[in-house]
Amino acid sequence: MAERIVVAFVVAAVLVLGLGAGLRALARRRGAPGLRRWGGATLFVAVPVGLLAADALPLRAVAVAGGALVLGGLGLVRTRRRVPSAVVGGVVLAVAA
């Protein structure tokens with residue numbers, strides 16, 4: 001069972017990262033900043049879908065999903081406002097712990 005969860009997580013992570021990177025690259029080529037924001041927003045779609053698709057949710061999986069949502073939220077805030085680097089570092093350290 002654990003192997004299935006790991007494989008599902010890896011596949012979902014690769015798809016989200018690939019889709020986000022693709023959207024950001026497309027936005028850079030077209031000069032469309034709104035499209036660039038959608039690259040980070042893919043996390044907010046993928047995480048709940050992954051949680052709903054899982055047949056069992058270990059506490060670690062929930063923690064990783066929560067961390068991904070926090071980092072995605074930080075990324076969305078940074079696209080609209082200037083966030084001090086100390087805050088960014090603190091959030092990243094908190095999520096990593």
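Because the model is predicted, local features require pLDDT of at least 70 and side-chain atom pairs count only at pLDDT 80 or more, whereas totals for chains, interfaces and linings use all residues. Residues are numbered from 1 along each chain as its sequence is written, and side-chain values use heavy atoms, with hydrogens and water left out.

The protein contains 4 helices and 0 strands, where helices (H or I, at least four residues) and strands (E, at least two) are DSSP runs numbered from the N terminus. Along the sequence, the pattern reads α-α-α-α. Of the 97 residues, 16% count as buried; buried denotes under 20% relative accessible area, exposed over 50%, and partly exposed in between (1.4 Å probe, protein chains only). The accessible surface amounts to about 7,000 Å², and 71% of this area belongs to carbon and sulfur atoms; such areas come from the Shrake-Rupley method with a 1.4 Å probe. Among contacts (heavy atoms within 4.5 Å) between residues at least 6 apart in sequence, 48% join residues at least 24 apart.

Attention now turns to one helix pair. The axes of helix 3 (residues 59-80) and helix 4 (residues 85-96) come within 10 Å and cross at roughly 170°. Helix 3 is therefore roughly antiparallel to helix 4, a label applied to angles over 145 degrees. The axes are lines fitted to C-alpha atoms over the stretch in contact, with angles running from 0 to 180 degrees between N-to-C directions.

On the side of helix 3, Gly 67, Val 70, Leu 71, Leu 74 and Arg 78 meet Val 88, Val 91, Val 92 and Val 95 of helix 4. The residues of this contact divide into 7 nonpolar, 1 polar and 1 charged; in this scheme Val and Leu count as nonpolar, Arg as charged and Gly as polar.

Ala 63 also lies in helix 3. Ala 63 counts as exposed because its relative accessibility is 51%. The C-alpha atoms of Ala 63 and Val 95 are separated by 8.8 Å, with the two residues 32 apart along the chain.

Methods:
Parallel < 35°, antiparallel > 145°, perpendicular 65-115°, else oblique.
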